[in-house]
Amino acid sequence: MKQKGILLVLSMLLIFSCLVGCGGADQKIIVSSKNFTESIILGEIFAQMIESHTDLKVERKLNINNFVVFEGLKKGDVDLYPEYTGTAYMAHLKLNLVKDTETGEIYSPDEIYDIVKEKFDQEFQITWLGHLGFNNTYAIAVKEAFAEKNNLTEVSDLIPLSNQLTFGAEHDFFDREDGYPGLIKKYGLQFKDTRKMEVSLKYEAIAQDK
């Protein structure tokens, strides 16, 4: 559902290209992350890279709520954290993915990046650096036994079953156009119930048939 090439967001308070060779013993950079494993690991990688290649002192403020860390960046409480183009485009800028309303064509990942980079600079004075080189895309997960029993291989295979199922996802997914609303609209799914939960709880919930 969501193509959101991970990017490094850097506050205009600090230009990353200046880190190497210009850090002093009294200079500090605050590295943050969102509150799920992937983001925390990326934040820690950033922190260790800076510590290894500069004289900057790194303060870690990892494992913070999505919107809280973004507000922290805007206020200058955070200097650096890993962000997604899709999240920035949909959640922070609240823009529409559809490029052509007649054909339903959506913007490409590169177009999304260019739009986000320009608008973040204009609206928030925040600079986006280049891609980290991988993509993180939403997918729908069911238990293996359930998939085999019902011969599920595609999202569309859920259509006749959806009214018997409870759909769970992180809070953000329900608020994004390319999340739950887009999923329902695209496939015509009607789930029996929905559950908003923390990311890490999804896997425990599905394992326990909740």
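Predicted model: local features only at pLDDT ≥ 70, side-chain atom pairs only at ≥ 80, totals over all residues.

User: How many helices and strands does the protein chain have, and what share of its residues is buried?

Analyst: The protein chain has nine helices and nine strands. Of its 210 residues, 39% are buried. The chain exposes about 12,000 Å², and 51% of that area comes from carbon and sulfur atoms. Among contacts with a separation of 6 or more, 71% join residues 24 or more positions apart.

User: Why is Glu118 called partly exposed?

Analyst: Its relative accessible area is 48%. Buried requires a value under 20% and exposed a value over 50%, so Glu118 falls in between and is called partly exposed. Glu118 belongs to helix H5, residues 109–124.

User: Why does Glu198 count as partly exposed?

Analyst: The relative accessibility of Glu198 is 41%.

User: Where does Glu198 lie, and which residues does it touch?

Analyst: Glu198 is in the loop that runs between strand E9 (193–197) and helix H9 (201–207). Leaving aside residues up to four places away in sequence, Glu198 touches Asn35 and His171. The C-alpha atoms of Glu198 and Gly168 are 9.8 Å apart, although 30 residues separate the two in sequence.

User: How do you know that helix H4 is mostly covered?

Analyst: Eight of the eight residues of H4 (residues 85–92) are buried. Since buried means under 20% relative accessible area, each of Thr85, Gly86, Thr87, Ala88, Tyr89, Met90, Ala91 and His92 lies below that cut-off. Lys94, which follows H4, has a positive phi near 55 degrees.

User: Which residues of helix H8 are buried, and what covers them?

Analyst: In H8 (residues 180–187), the buried residues are Tyr180, Gly182, Leu183 and Ile184. Their cover includes strand E8 (166–170), helix H7 (171–175) and E9. Gly188 follows H8 and has a positive phi, near 70 degrees.

Note on methods
Residues numbered from 1 in each chain as written. Heavy atoms only, no water. Helix = DSSP H or I, 4+ residues; strand = E, 2+ residues; numbered from the N terminus. Buried < 20%, exposed > 50% of the residue type's maximum accessible area, 1.4 Å probe, protein only. Contact = heavy atoms within 4.5 Å. Areas by Shrake-Rupley, 256 points an atom, 1.4 Å probe, with all protein chains shown as cover.
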